[in-house]
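This report looks at a few residues and their surroundings. Please have the sequence and the structure open while reading.

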Amino acid sequence: MNQFNITLSDNSDTLTLEEGEKERLDIVLAQLLPELSRSRVKQLCQDGHAKVNGTVRKASFKVKKGDTLALEIIPSAMEQVEITPENIPLDVLFEDDDLILINKQPGLVVHPGAGIYSGTLVNALAYHFKTLSTRGGELRPGIVHRLDKGTSGLILVAKTDFAHHKMTEQWMANGVTKVYQALVWGKPDPPSGEVISHIGRHPKDRKRMTAEVEGGKRAHSRYKVIETFPEAAKVNVHILTGRTHQIRVHMKHLGYPVVGDALYGGNRHKHLNKAFEAMPDYPMLHAALLRFTHPKTQEQLTFKVDPPKGFLECEKALRVWPA
């Protein structure tokens, strides 16, 4: 069991309560604990594990700035499944006593869940590292943030609970810079801009997210075109929040879906598959840059990594397609 405590005095882009404003307890806790799903947080609240100013409160209780929240994170039945260490190769870019930075390969699920209990980054971490933080729960040891299965690139892992807590605080305070590279259909016009919306579950398709939904979480992205091709473009996307599928949803919302994204981009990539053999079957989205302050040394660290082979091959194909 883990204990989470915080006083609502922060005014970050993740926590958007203003003076005098009130919000549901489960919504605020889900914003503060991105490693837990909203449904998991709500269940913990309903089971009596959440307190506001020392008093047990249900999920619907309205909180405000100045309130002190406490949540006991009790392992669920699914979280009691034992993680099996697996010798999955990892590209480790940085490691010290507090943190691990990994260049995740596309196709690797970050943590177990939804019937997946092996072949994940967590299984690989359990094999390669003796110490990981426990703050994320039994199924997410060390996981500070997530990348979609098909997304490649930089992902940060905490070895200690102290490092995990400090990095979560940085994420909450918008102190972490995250820049992605993406290949998108079409040529974004204007060539740079930003999207601010509220992302939530699609009302008819629960596997998808949508950019405008009542009760959705505030999402903020900035994009800039790096290069254009006959039918597509390469863009940098700087995300100032970290919502599920945020870049994929925002680029679709703008009318320029990510190449290879079957969930949000339709079947346009299939035409590319016919023209070029062995094209990747995942979204062309890569976490290229991560900048943060080290939780112990306070040194500002910046890491960059190039896209994987599949991304580069797709980029090469788009430069000449259609012939």
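Are F292 and F303 buried or exposed? F292 is buried, and F303 is buried as well; buried stands for under 20% relative accessible area, exposed for over 50%, and partly exposed for what lies in between, with a 1.4 Å probe and protein chains only.

## About the model

The model is predicted: local features need pLDDT of at least 70, side-chain atom pairs count only at pLDDT 80 or more, and totals for chains, interfaces and linings use all residues. Residues are numbered from 1 along each chain as its sequence is written, and side-chain values use heavy atoms, with hydrogens and water left out.

## Aromatic pairs

The structure holds three aromatic pairs. Rings of Phe, Tyr and Trp (its six-membered ring) pair if their centres lie within 6.5 Å; planes under 30 degrees apart count as stacked, over 60 as edge-to-face, and the rest as tilted. One of the pairs is F94 with F303, a tilted pair at 5.4 Å centre to centre and 55° between the planes. F94 is in strand β7 (residues 92–95) and F303 in strand β16 (residues 300–304), so this pair ties together parts that are 209 residues apart in sequence. Strands (E, at least two residues) and helices (H or I, at least four) are DSSP runs, numbered from the N terminus.

F94 has a relative accessibility of 21% and counts as partly exposed, while F303 has a relative accessible area of 15% and is buried. F303 also pairs with F292: the ring centres are 6.1 Å apart and the planes are at 25°, so this pair is stacked. F292 belongs to strand β15 (residues 285–293) and F303 to strand β16, eleven residues apart.

## R208

R208 is in the loop between β11 (192–201) and β12 (209–210). R208 is buried but has no salt bridge; D205, the nearest side chain of opposite charge, is 4.3 Å away. A salt bridge needs a side-chain nitrogen of Lys or Arg within 4 Å of a carboxyl oxygen of Asp or Glu. Lys and Arg count as positive, Asp and Glu as negative, and His and the chain ends are not counted.

Residues up to four places away in sequence aside, R208 touches G200, R201, H202, K252, L263 and Y264. Contact means heavy atoms within 4.5 Å.

## R319

R319 sits in helix α7 (residues 309–320). With a relative accessible area of 39%, R319 is partly exposed. Apart from neighbours within four places in sequence, R319 is in contact with E227, F229 and P230. R319 and A233 are 86 residues apart in sequence, and 9.0 Å apart in space from C-alpha to C-alpha.
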